[in-house]
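Please look over the sequence and the model before reading on.

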Amino acid sequence: MTDLQPWRLATASLLALAAMGAQAQQKMSYSLFGTMGAAVSNKDYKFQRAIDSDGTLSRDSVLGAQVDVQFTPEWSATVQAKAAPSMRRDSRWDLNASWAFVSWRPNNDWLVRAGKLRIPLYLASENLDVGQSYDLARLPTDMYSIAPTTDVIGLFLTRNWVLGDADLSLDAYTGGARVWNRVYTRDTGALYSEFSTRVSGVVLTWRGDETTLRMGWHHAATQPRGPNGFSSTARYNAVMPGVGYYTPEGSPSEISNDIITVGVDQQLPGNWRVMAEVGRNVQHKTDFGANTLGGYVAVLKNLDRWTPYVMVSALKSVGAPKRLQEALSQSSVPAFIPQADVINAGQRMLADAVPFYDQHSLALGTSFSLSPHSKIKAEWLRTWVDKGSIMIDSPAFGASVSDETVDVFSLSYSFAF
């Protein structure tokens, strides 16, 4: 069952645009995009929430539509709605308005937008859901999962400069979003908690004939909605010499993140292309947070309609969350301690609640252009999970998955018209 609020937002926005553009049909444009993606792994447990040995269509599939209306040379509006696997529940799809904004361009140098927009976090942020627009079978999760949200409702201000054959733009924005955080524990399964976050940032982008450079700083302040809050850290409770357990400590009303991203997309002679991005997410006010460093490098070669590629990526937790997860994952009490089973279950749940990443990946794939509007893609991805990763739903009541490799095979068809 889908959430009614996104349905209403998308429907109302589309109807409003249709009404406003009815008298100027020549200035209204429509587009349709989508991906039908299948993925299967060599493991029985879930990877990236949906992929296992049974295969799934839920990891990469999406269907969307966009309407653009130009009211005057200065004023325009855009709505983009998409149906995709839900970010707030397992095994369901949602319809959401991922874009719904009004634009004012007083001249070629300035652009003001208000409404729901995509944050320019990554090189492919603007076309994140349009698989036909890029050759990778799947944008690298090790990089494209470091932020609490990719969309906000707010205000965006853009300043553009034309520098010879290149364009330089500076984006400044602020906005808010409701986000759902998924925590999978071996004892309870998947649990979702709702939060409110406010994100502000500045992004500098250089676009030339053969080079795109992007760097940005983003600050997010997040508060809980509902009964589930935050803990600052975990306190060690000694039972006897060499035996003890951890309990949560502290309850901040808000946590914050500072995220720094840098990316480059470079065309090279001989139809070669290199893409690389790196992101650092610095967590404040809690040890149960995503304090991470991630990135990737992809090398592509255009061979007419074929574009094979190789990509390496990594995502690592650093600092206090890394130390806390390592301590919790090794914490247990012997059976002769009263309520040992309850205590040890609590240690497992605390360890699983830390958003911990220690993984690196290699992907080999290719895209094949069926037409200017559609592509078929295939990819083999191998991920080495070292000390653990919350991208894996570890088997119930057992040890968390570590020191393993996961192989994922993906096949998809993407289009945009």
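Which side chain meets that of Asp407 in a salt bridge? The partner is Arg382, with 2.7 Å from N to O. Because Asp407 belongs to strand S18 (residues 404-416) and Arg382 to strand S17 (residues 374-389), the pair ties together parts that are 25 residues apart in sequence. The two partners can also be described by their accessibility: Asp407 is buried, with a relative accessible area of 9%, whereas Arg382, at 27%, counts as partly exposed.

**Overall build**

The model is predicted, and its protein chain is made up of three helices and 18 strands. Its radius of gyration is 23 Å, close to the 22 Å that the globule rule gives for 417 residues, so the chain is as compact as a globular protein of that length. Taken along the principal axes, the box filled by the C-alpha atoms is roughly 80 × 45 × 45 Å.

Of the 417 residues, 49% count as buried, while the chain exposes about 19700 Å², of which carbon and sulfur atoms supply 60%. Among contacts between residues at least 6 apart in sequence, 61% join residues that are at least 24 apart.

**Charges and salt bridges**

The chain carries 37 positive and 39 negative side chains, and the centres of these two sets lie 3 Å apart.

| Pair | N to O distance |
|---|---|
| Asp407 and Arg382 | 2.7 Å |
| Glu194 and Arg225 | 3.1 Å |
| Lys285 and Glu254 | 3.9 Å |

In the salt bridge between Glu194 and Arg225, distant parts of the chain are linked, since Glu194 is in strand S8 (residues 189-207) and Arg225 in strand S9 (residues 211-225), 31 residues apart. Arg225 is partly exposed, its relative accessible area being 38%.

The salt bridge of Lys285 with Glu254 likewise links distant parts of the chain, but here the partners sit in loops: Lys285 in the one between strand S13 (272-284) and strand S14 (292-301), and Glu254 in the one between strand S11 (243-249) and strand S12 (255-268), 31 residues apart. Glu254 counts as partly exposed, at 24% relative accessibility.

Returning to the pair of strands S17 and S18, Asp407 and Arg382 tie together parts 25 residues apart in sequence. Elsewhere, salt bridges that share partners join Arg59, Asp60, Arg138 and Glu379 into one network.

Conventions
Residues are numbered from 1 along each chain as its sequence is written. This is a predicted model: local features need pLDDT of at least 70, side-chain atom pairs count only at pLDDT 80 or more; totals for chains, interfaces and linings use all residues. Side-chain values use heavy atoms; hydrogens and water are left out. Helices (H or I, at least four residues) and strands (E, at least two) are DSSP runs, numbered from the N terminus. The radius of gyration is taken over C-alpha atoms; the globule rule is 2.2 Å times the number of residues to the power 0.38. Buried means under 20% relative accessible area, exposed over 50%, partly exposed in between (1.4 Å probe, protein chains only). Contact means heavy atoms within 4.5 Å. Accessible areas come from the Shrake-Rupley method with a 1.4 Å probe; for residues, only the protein chains shown count as cover. Lys and Arg count as positive and Asp and Glu as negative; His and the chain ends are not counted. The place of a charge is taken as NZ of Lys, CZ of Arg, CG of Asp or CD of Glu. A salt bridge is a side-chain nitrogen of Lys or Arg within 4 Å of a carboxyl oxygen of Asp or Glu.
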